[in-house]
Amino acid sequence: MTYVIAQPCVDLKDLACVDECPVDCIYEGKRMLYIQPDECVDCGACEPVCPVEAIFYEDDTPPEWAEYYEANVNFFDEMGSPGGAAKLGVIDRDHPIVAALPPQIHDEH
């Protein structure tokens, strides 16, 4: 089991979750953040700090965003488990589900 970042993160990338993650398993794509499932220790530190509630425990992901589980897992198909996001910086791509979305507008609070 792992945590999943879903659609509300697209074009927002707040990074509060990255700061909270004790194992550096949240990677930054072009348009959203992704959790590396093999590196995630299921601590849940990321979930409460997300300002748009985009992070869900795998089994609690709302049905309308169920495909984001695959997006998070498959984002790492080519690179595997890099062992930490900080050393990579922004990865210049997104999962096709995310790349195909129109620009997302977020309300400023």
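Analyst: Leaving aside neighbours within four places in sequence, Lys13 is in contact with Glu28, Gly29, Lys30, Arg31, Met32 and Leu33. The model is a predicted one.

User: Does Lys13 count as buried or exposed?

Analyst: Lys13 sits in the loop between strand 1 and helix 1. Its relative accessibility is 18%, and the cut-off for buried is under 20%. Lys13 therefore counts as buried.

User: Which residues of helix 2 are buried, and where on the helix do they lie?

Analyst: Helix 2 covers residues 67–74, and its buried residues are Tyr68, Ala71 and Asn72. Seen down the helix axis, these fall within an arc of 95°, so they line one face of helix 2.

User: Which elements do the buried residues of helix 2 pack against?

Analyst: Packing is judged by contact, with heavy atoms within 4.5 Å. The partners of these buried residues are strand 1 (3–5), strand 3 (33–35) and helix 3 (96–99).

User: Which elements give two or more residues to the largest nonpolar core?

Analyst: This core has 29 residues, and Ile5 and Tyr68 are among those with the most contacts inside it. Ile5 is also in contact with Tyr68 itself, as well as with others including Ile26 and Ile55. The elements asked for are strand 1, strand 2, strand 3, strand 4 and helix 2.

User: What separates the C-alpha atoms of Pro62 and Ala6?

Analyst: Pro62 is in the loop between strand 4 and helix 2, and it counts as buried at 18% relative accessibility. Pro62 and Ala6 are 56 residues apart along the chain, and their C-alpha atoms are separated by 9.1 Å.

Terms used
Residues numbered from 1 in each chain as written. Predicted model: local features only at pLDDT ≥ 70, side-chain atom pairs only at ≥ 80, totals over all residues. Heavy atoms only, no water. Buried < 20%, exposed > 50% of the residue type's maximum accessible area, 1.4 Å probe, protein only. Helix = DSSP H or I, 4+ residues; strand = E, 2+ residues; numbered from the N terminus. Arc of directions from axis to C-beta. Core = buried A, V, L, I, M, F, W, Y, C linked by side-chain atoms within 4.5 Å.
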